[in-house]
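This briefing goes through one structure by topic, from the overall fold down to single side chains. Please keep the sequence and the model open beside it while reading.

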Amino acid sequence: MLSTPPALIAVIGPVEPPLLTAWVRHYQRLGIERILIAFHFPDHVPDARRHELQAASRELGIIPTGTSTGPWHEHTNTQLRDALRHKAGPGWHLLADADEFQQYPAPLPEVITQAERSGHRVVGGLMLDRVAAGGHLAGWSPEDGLDLAYPLGGHLTHRLLHGDPRKIVLARHDVTVASGNHRAPGHRPDTDRICAVHHFKWRSGILDDLRRRVHHFTSGTWQEQTPAVRDEASRLLTHVGQHRGVINTSDPRFAFRRVSLDRMPFSWPDEARSIFTTWRPYAHTGQD
């Protein structure tokens, strides 16, 4: 068995404090004891919001490694994340954004022990996008929890947004992980043991965030490495514009169904393996 749990590494943006609390509690339940975070706040975020989040972090017993402000360039996350990984030191690192709640098919120590025994230096995950029952981009109540507010899980990221749904969720300290934690060049996860990454991105306020992202990347205020992130945001905005402000949860492409953080989705291993092994970058056309 693993003697030391992995360090949780995350760059946190201006999320609502209850989400940060739910996120920390989730990973503590998985056995995480060491959490290294850095805050980054774009210029539009009010000082009060920054102080609120920093206070919430302290109440959870987490002292942020750093807080930065300014444009959210595409490389910003990677630089901050890698600084946190360096500080975390040797061992396994668990990588998760603040809206990503990972769900494993076995206790975390067993997952890591199995990876080590099979010679894998990374563990893979697949995004499972969580949305409200009617597809509304709604808020949520901490008393009721995320599962109740966003009961449906499906494959929105790659089947609508043409984004990469694959994630590196665990990596040895000396394994380089690409931007967005999507790949680890030279390392392939065991596709028979892919964890579910419950993705609670589609909450109240996300449309403003996406519009801001498109504007800043298009104008060059925020630097991008490829147009992929901007294009994904534009596709979501177009989709909800065509469906009266909601995500079309009845579209069979997205395979939305009721899921829970307490139990792995039915037939997840086969489903995840199929998507993980067949996904390819979207081929852009002149009509995009």
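Just after helix α8, Arg244 takes a positive phi of about 55°; helices (H or I, at least four residues) and strands (E, at least two) are DSSP runs numbered from the N terminus. This is a predicted model, in which local features need pLDDT of at least 70 and side-chain atom pairs count only at pLDDT 80 or more, while totals for chains, interfaces and linings use all residues. Residues are numbered from 1 along each chain as its sequence is written, and side-chain values use heavy atoms, with hydrogens and water left out.

**Helix α8**
- Helix α8, residues 228–242, has 15 residues and reaches 21 Å from its first C-alpha to its last, close to the 21 Å expected at 1.5 Å a residue, where the expected span is 1.5 Å times one less than the number of residues.
- Arg230, Asp231, Ala233, Arg235, Leu236, His239 and Val240 of α8 are buried, a term that means under 20% relative accessible area, with exposed being over 50% and partly exposed in between (1.4 Å probe, protein chains only).
- The cover over these buried residues of α8 includes α6 (156–159) and α7 (206–219).

**Strand β4 and its partners**
- In strand β4 (residues 92–95), Trp92 and Leu94 point one way and His93 and Leu95 the other way, and all are buried.
- Strand β1 (residues 7–12) runs parallel to β4 and is joined to β4 by three bridges, with Leu8 standing opposite Leu94; two strands pair if DSSP finds at least two bridges between them.
- Strand β8 (residues 166–172) runs antiparallel to β4, again with three bridges, and here His93 stands opposite Ala171.

**Two residues in their surroundings**
- His155, in the loop between β7 (152–154) and α6, is buried at a relative accessible area of 1%.
- Leaving aside neighbours within four places in sequence, His155 is in contact (heavy atoms within 4.5 Å) with residues including Leu126, Asp129, Phe254, Trp268 and Glu271.
- The side chains of His155 and Glu271 are joined by a polar contact of 2.5 Å; such a contact is a pair of N or O atoms within 3.5 Å, where within protein one must be able to donate a hydrogen and the other to accept it, and residues adjacent in sequence count only if both atoms are side-chain atoms.
- Thr67 lies in strand β3 (residues 66–69) and is partly exposed, with a relative accessible area of 41%.
- Not counting residues up to four places away in sequence, Thr67 touches Phe39, Phe41 and Gln54, and a polar contact of 3.4 Å joins the side chains of Thr67 and Gln54.

**Aromatic pairs**
- A search of the whole structure finds six aromatic pairs.
- The rings of Phe254 and Phe256 have their centres 6.1 Å apart and their planes at 75°, so the pair is edge-to-face; rings of Phe, Tyr and Trp (its six-membered ring) pair if their centres lie within 6.5 Å, with planes under 30 degrees apart counting as stacked, over 60 as edge-to-face and the rest as tilted.
- Phe254 is buried at 0% relative accessibility, and Phe256 is buried at 14%.
- Phe101, Tyr150 and Phe200 are linked into a cluster by ring pairs.

**Overall fold**
- The secondary structure comes to nine helices and ten strands, and buried residues make up 50% of the 288 residues.
- The C-alpha trace spans about 50 × 45 × 40 Å along its principal axes.
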